[in-house]
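Let's take a walk through this structure together, one spot at a time. Have the sequence and the 3D view open, and follow along.

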Amino acid sequence: MPVTAETIIQSLASGLLMGLLYGLIAVGLALIFGLMDVVNFAHGEFLMIAMYATFFLFAFFAIDPLLSAPLVAAALFVFGAVVYLLIVRFAVRAKANAGMVQIFSTFGLAIVMRGLAQYFFTPDYRSVTHSWLGGKTVSVAGIFLPVPQLVGALVAIAAFGGLYLFINRTDFGRALEATREDAGAVALVGIDKNKVFALGWGLGAALVGLSGAIMAIFFYVYPDVGASFALIAYVTVALGGFGSVFGAFAGGIIVGLVEATTALLLPPSLKAVGIYAVYLLVVFVRPRGLFGSM
Amino acid sequence: MDTAFAERRRRDLIVAFVLAAIAAVVPLFVKDVYVQNIMVLTLMWGALSQSWNILSGYCGQISLGHAMYFGIGAYTTALLFTKFGVLPWFGMLGGGIISAVIAMALGYPCFRLRGHYFVIATIVIAEIVLLLFHNWDWAGAAMGIDIPVRGDSWLKFQFTRSKLPYFYFALALACVAWFVTWWLEDSKWGYWWRAVKDNPDAAESLGVVVFNSKMGAAAVSAFLVAVGGSFYGQFVSYIDPESVMGFQFSLLMALPAVLGGIGTLWGPLLGAVILIPLTELTRSFIGGSGRGVDLIVYGGLIVAISLARPQGLVGLFSPRRKEAAR
């Protein structure tokens, strides 16, 4: 295809919108890592069940994804807190092979979730049809923007803004920061570490729940869908720097733009290579990621 | 010399010989092809997990991208055989060397990364290679490579009338992987690796060349895994990127070691003996419905073991260790 200025601008615009969504998917991961130095390897599956929840609310109750997004986020909040209390809490206590326990306990959870999804929902692809935003496009200064992605990007920006205010302006947010700084010391001043961690996991899961509701508008839902986005989420977080919420935001934008650029230069099936290559270049030069502090 | 340690090592060697001898005669009594198939896979994954364990278990660099070396081994052998008529034996050696070189080349940038950064870098690199192979027409791209039957002999490493030769090769592979680990455990390399795993900074201050230690572990680990990949390609006669480089292979290499005891001599084999038959039987009896029940069992086991017994099952077989702990 001929690469014109118009094509480039259109591609970058799409990449930017998708990048913000990637950032939203990844920020929950960044939050959890920042809080307790644990990577949730079931993160993709959290996204998957959020998308399924959105689909079924639409299919059975005709609730549009935009309306069900808060419901899905709330459900994922509870789910995340429960996952912490039942699994992660014990994983972080392991004395032998601590790193391995964290990795494989969440990996095992991911496999169980995928298996359960396949058991209950079958491997068939499902999609939300005829939603309010589905299939619509708006034109801004000659650049065509798909409405679902545009709204998703706006939701992402709002979510990042809300998260920033939350962490910096509320007691809970300050408790999160304090627990992150020194989990031992906060116990001395009456902060319940497990409660803070459970709420942190709930919040991280709620954010991915929000992105799941948006993604369901324009992506097929199937048991393996989470795996497709999980690696991009890990790359986004590592690129921005583990533990940095702003890093996830910036990382997402970079990933989206790189993906769009790669799509112009390479065959479609190789578009992820650009993302991975840029990630490796950055992390090899700066092992902590762009905004990481550890 | 630590007498207790040396004594334990001699006992380990004797036990290994006995177990190998027992394993060698089992196929004479077990004729069922399906069961033989499970035995081959168990030995192969035991060998692969043992190899993975060298870098990730002993040296502490947890890699979830080892499928790349497995795939490189399989592809090297298949390509040399189908395009140039080179015997699989040379393909195995070539694949092993290529993988070891690549492991060391990647070691330069990767071993500067710590913790989760390293894990994710290994996943990303393997994913890149997987995508490249999906698009590499000369190597069959996503269609893969059908390995044609050109003989029934050890020379061509193809056997159409019996699975026994595959079994004995897999057994030899498992023995070699175990022996290499056993030998390295008491070498300078082995001590360096365990020091690096426990505390890299302290190890460095004591004179351990941390970087070289990791590079050595990566090379040995990758070489052995590639040989396993070569064997697997011959065993199944058809390879494509997803079937030899997919992420599930990296995971399946790690899990026996995790189950049996990561960073231990017997852990990977013990884990493989439990996990592989369980996986194959679960897939056969439950997985066929397509409802993913085998995944549920599989994943649940991983969660349960990693939480309940992070040091693995191998400790259950060490009465003296309990006394020592007490």
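Let's start at Thr264(B), which, leaving aside its neighbours within four places in sequence, is in contact with Asn53(B), Tyr58(B) and Val314(B). Contact here means heavy atoms within 4.5 Å. A word on the ground rules: this is a predicted model, where local features need pLDDT of at least 70 and side-chain atom pairs count only at pLDDT 80 or more, while totals for chains, interfaces and linings use all residues. Residues are numbered from 1 along each chain as its sequence is written, chains are lettered from A and ligands numbered from 1 in the order in which they are written, and side-chain values use heavy atoms, with hydrogens and water left out.

Back to Thr264(B): you'll find this residue in the loop between α11 (247-260) and α12 (267-285) of chain B. Those labels come from DSSP runs, numbered from the N terminus: helices are H or I with at least four residues, and strands are E with at least two. With a relative accessibility of 16%, Thr264(B) counts as buried. The scale goes like this: buried is under 20% relative accessible area, exposed is over 50%, and partly exposed is in between, using a 1.4 Å probe and protein chains only. A polar atom of the Thr264(B) side chain lies 2.6 Å from the backbone oxygen of Gly261(B). A polar contact is a pair of N or O atoms within 3.5 Å; within protein, one must be able to donate a hydrogen and the other to accept it, and residues adjacent in sequence count only if both atoms are side-chain atoms.

Next stop, Ser56(B), in helix α2 (residues 33-58) of chain B. Is Ser56(B) buried or exposed? Ser56(B) counts as buried, because its relative accessibility is 2%. Its side chain reaches the backbone oxygen of Gln61(B) at 2.9 Å, and also the backbone nitrogen of Ser63(B) at 3.0 Å. Not counting residues up to four places away in sequence, Ser56(B) touches Gln61(B), Ile62(B), Ser63(B) and Ile262(B).

Now for the empty spaces. Rolling a probe the size of a water molecule over the atoms shows where empty space is left. How many cavities of 30 Å³ or more does a search of the whole structure find? There are 4. On a 1 Å grid over the protein atoms alone, a cavity is a set of points where a 1.4 Å probe fits but cannot get out, and lining residues have an atom within 4 Å of a point. Grid points are joined across faces, edges and corners, and a volume is the space filled by probe spheres set on the points.

The largest cavity has a volume of about 150 Å³. Its lining has 15 residues, and those nearest its centre are Ser63(B), Tyr69(B), Leu106(B), Phe118(B) and Thr122(B). Two or more lining residues come from each of α3 (67-84), α4 (88-110) and α5 (116-134) of chain B, with α4(B) giving the largest share, 4 residues. By type, the lining divides into 10 nonpolar, 5 polar and no charged residues. Here Ala, Val, Leu, Ile, Met, Phe, Trp, Tyr, Cys and Pro count as nonpolar, Asp, Glu, Lys and Arg as charged, and the others, Gly among them, as polar.

The second largest cavity has a volume of about 60 Å³. Around it sit Leu255(B), Val258(B), Leu259(B), Leu275(B), Leu301(B), Ile302(B) and Ile305(B), with α11 and α13 (293-308) of chain B each giving two or more residues. This lining is made up of 7 nonpolar residues, no polar and no charged.

A couple of loops in chain B are worth a look too. Ala141(B), between α5 and β1 (145-146), has a phi near 45 degrees, a positive value in a residue other than glycine. Ala141(B) is buried, with a relative accessible area of 11%. Ser237(B), in the loop between α9 (210-236) and β2 (238-239), likewise has a positive phi, near 70 degrees, but is partly exposed at 31%.

Finally, where do the chains meet? The contact takes 50 residues from chain A and 41 residues from chain B. Together the two chains bury about 3,800 Å², 78% of it on carbon and sulfur atoms; buried area is the accessible area (1.4 Å probe) that two parts lose on being put together, summed over both. On the chain A side, Phe104(A), Ile111(A) and Phe284(A) lose the most area to chain B, together 18% of what that side buries.

Definitions and conventions. On a 1 Å grid over the protein atoms alone, a cavity is a set of points where a 1.4 Å probe fits but cannot get out, and a pocket is an open set with protein on both sides within 12 Å along at least five of seven lines; lining residues have an atom within 4 Å of a point.
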